[in-house]
Amino acid sequence: MGAIRAKGKRFQCDLRTPNGARLRPTFETHDEADHWLRLTQEKIRTGQDISLDVAQNTRSIAMNLRELAEEVRNRHWRGCKSEDTLWIQARDVYRRLGASRSVREINENVIDDLIYQLERDGKSNGTINRRLAALSKMLKHAYRRGYISRMPVIERKRESEGRMRWLSYEEEVVLIAKFRELRHDQMADFIEVLIDTGLRTGELFKLCGRDVNVEERVIYLWDTKNGKSRSVPLTQRALNALQRNYKSDSELPLFNFTRHAFRHQWDLVKALIGLDGDKEFVPHSLRHTCATRLVEKGIDLRVIQEFLGHRAIQTTIRYAKVVPKSLHAARDALELSDQSVTKRA
């Protein structure tokens, strides 16, 4: 004899098998639960093998955090660009909470303890939120599979937007000149393209000759962070830099040094030009440089969003907040108004 009962917004079957095993899978709808119950009862009545159903339900009861993390990795993260990073986050979570700890034990109090551990270790709010995001993905998977009957509430930490660093025109000249002085001309070209296109370094490393349309002065990006392809127009300087590195085989990347080599030389040049103590002076600041210059020129934020490949306009708006040109214009307008009132008086 079996039964179906509501559990929150889901429906749980309760069926005891002839050998005493108790099966309690959970389903999204009553119809799904009813279908499983009727099918399993028919299997029992006709003597069919239900060992798989028993194994799945036993796994649901015995599932621990490490097993859950591995299952989520194989089901959701395997092969994605951030697989290794996501796995590092998830592994840290289950190690802190206990790899053999039952998934069913995870509640708000346990999550609070995780946050306390991370805070005690000096982790930033952003780092803590990355751990919580991994845990959230794990628990959502467990909930959908019926391993847990309730999804705990996970409250994220408030994150500051942080400081954005971009290059002045003077810093740009000094930086590129130092790379060329050290005979790293290809890296100097790389920097010029990043500044004039706003590409992420990873996007430029993947760029091949076939992706450059010289006649239209545009490049095509197919493999981007947000998963959407886009085209980016080129300044004459950027086009010249790309053409200097063009390979006879258009299937080959235009730049053939490694990310490690570039970062090593960047740190070396950074010290040589007196910016060794500036922690925000990193290759990604070249992308910030492109964005802030577009804002300074009065380009519409929606255009900048598309140019840079931002998924959300909120990311683009950050640049408008830190570039004060429009605010200065507002101040000047008020000063003109004050002067007019003073003259009338």
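What follows is a short chat about this model.

Me: What are the ground rules here?
Reply: This is a predicted model, where local features need pLDDT of at least 70, side-chain atom pairs count only at pLDDT 80 or more, and totals for chains, interfaces and linings use all residues. Residues are numbered from 1 along each chain as its sequence is written, and side-chain values use heavy atoms, with hydrogens and water left out.

Me: How many helices and strands are in the chain?
Reply: The chain has 15 helices and seven strands. These are DSSP runs, numbered from the N terminus: helices are H or I with at least four residues, strands are E with at least two.

Me: What share of the residues is buried?
Reply: Of the 345 residues, 41% are buried. Buried means under 20% relative accessible area, exposed means over 50%, and partly exposed is in between (1.4 Å probe, protein chains only).

Me: OK, helix H10. Which residues are buried there?
Reply: H10 covers residues 236–244, and Ala 238, Leu 239, Ala 241 and Leu 242 are buried in it. Down the axis of H10 they fall within an arc of 160°, so they line one face of the helix. The arc is that of the directions from the helix axis to the C-beta atoms.

Me: What do they pack against?
Reply: The buried residues of H10 pack against H8, helix H9 (201–205), strand E5 (212–213) and strand E6 (218–221). That rests on contacts, meaning heavy atoms within 4.5 Å.

Me: And H14, which residues are buried in that one?
Reply: Ile 313, Thr 316 and Tyr 319 are buried in H14, residues 313–322. They cover an arc of only 110° around the axis, which puts them on the same side of H14. Gln 314 and Lys 321 are exposed on the other side. The cover over the buried residues of H14 includes helix H12 (285–296) and helix H13 (301–308).

Me: Switching to His 141. Is it buried or exposed?
Reply: His 141 is buried, at 2% relative accessible area. It is found in helix H6, residues 125–144. Its side chain makes a polar contact of 2.8 Å with that of Glu 71. A polar contact is a pair of N or O atoms within 3.5 Å; within protein, one must be able to donate a hydrogen and the other to accept it, and residues adjacent in sequence count only if both atoms are side-chain atoms.

Me: How far is Arg 75 from His 141, C-alpha to C-alpha?
Reply: Their C-alpha atoms are separated by 9.3 Å, and the two are 66 residues apart along the chain. Arg 75 lies in helix H3, residues 65–77.

Me: Now charges. How many salt bridges does the structure hold?
Reply: It holds 29 salt bridges. Each is a side-chain nitrogen of Lys or Arg within 4 Å of a carboxyl oxygen of Asp or Glu.

Me: Which residue pairs with Glu 172?
Reply: Arg 237 does, in a salt bridge of 2.7 Å, N to O. Arg 237 lies in helix H10 and Glu 172 in helix H7, so the pair ties together parts that are 65 residues apart in sequence. Arg 237 is partly exposed at 27% relative accessible area, while Glu 172 is buried at 6%.

Me: What about Asp 92?
Reply: Asp 92 forms a salt bridge with Arg 96, with the closest N and O atoms 3.0 Å apart. Asp 92 and Arg 96 are both buried.
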